[in-house]
Amino acid sequence: MTLNPIIVIPARLAAIRLPNKPLADINGLPMIVHVWQQALKANIGPVVVACCSEEIACEIRGRGGIAVLTDPDLPKGSDRIYAALQGVEDQKQYNVIINLQGDLPAIDPEVLKSVLAPLNNPDVDIATVAAIIKDPSEIQNPNVVKIAMCAPDPITMTGRALYFSRCPIPANAPVYYHHIGIYAYRRAALEKFITLPISYLENCESLEQLRSMESGMRMDVAIVDAFPLSIDTQEDLDKARSMMAG
């Protein structure tokens, strides 16, 4: 089946650690605009911002982009991207929906493209991305989500995910993988996923992706070279401003 993707970027202002995060200025542009621009550079399909405020929508629409207002009470990013999808004209033509986090302003377009690779296998329901952990301190850091996965195929550099955890998994692994929060759902997989109740393991780890795995859905991982900077704190924001200057 030919993949026909659409990229949806969920963005909301109610971040606890960094309020109004999508509108945070990075060298003259709001962070959400940087993410949107990088997604456009990937050139793999239309890009939609799913937002719960007119301020975000205006930033995107004012630059000729597509923004869809969603209910601010929707609990998860997957719920927001599905709601936004319903507001896109001719949305049923897209058989793959890419969920790109709105706090990755320097995301490499090639990394975004890579999330599609696992879907070349028709048995895969959901695809995601990871990078090898190079900083040993991240292995024990609970804010860094690790993946237990089958050995990646050396040609495609993709492998089947078995579990996600904030703990170091698997034990005594020669390498550990840092999960990157980008997902590519087959349309049927997303439609199923949003109907599922919060699962036991999802609740234990506070990791939404475990819900799909507990329901029997298959998730595969594309391995990329580096982890993109994610903005969660003021320190991260300052680092992004420095890194992206000029």
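With 246 residues, a compact globule would have a radius of gyration near 18 Å, and the protein agrees with this because its own value is 17 Å; the radius is taken over C-alpha atoms, and the globule rule is 2.2 Å times the number of residues to the power 0.38. The model is a predicted one, in which local features need pLDDT of at least 70 and side-chain atom pairs count only at pLDDT 80 or more, while totals for chains, interfaces and linings use all residues. Residues are numbered from 1 along each chain as its sequence is written, and side-chain values use heavy atoms, with hydrogens and water left out.

Along its principal axes, the C-alpha trace spans about 50 × 40 × 35 Å. Of the 246 residues, 53% are buried, a word that here stands for under 20% relative accessible area with a 1.4 Å probe, protein chains only. Among the contacts (heavy atoms within 4.5 Å) with a separation of 6 or more, 68% join residues 24 or more positions apart.

The protein holds eight helices and eleven strands, which are DSSP runs numbered from the N terminus (helices H or I, at least four residues; strands E, at least two). The axes of helix 1 (residues 31-42) and helix 2 (residues 54-61) come within 10 Å and cross at roughly 45°, these axes being lines fitted to C-alpha atoms over the stretch in contact, with angles running from 0 to 180 degrees between N-to-C directions. Helix 1 is therefore oblique to helix 2, since angles under 35 degrees count as roughly parallel, over 145 as roughly antiparallel, 65 to 115 as roughly perpendicular and the rest as oblique. Helix 1 contributes I32, V33 and W36 to the contact, and helix 2 contributes I56, E59 and I60.

Methods: Buried means under 20% relative accessible area, exposed over 50%, partly exposed in between (1.4 Å probe, protein chains only).
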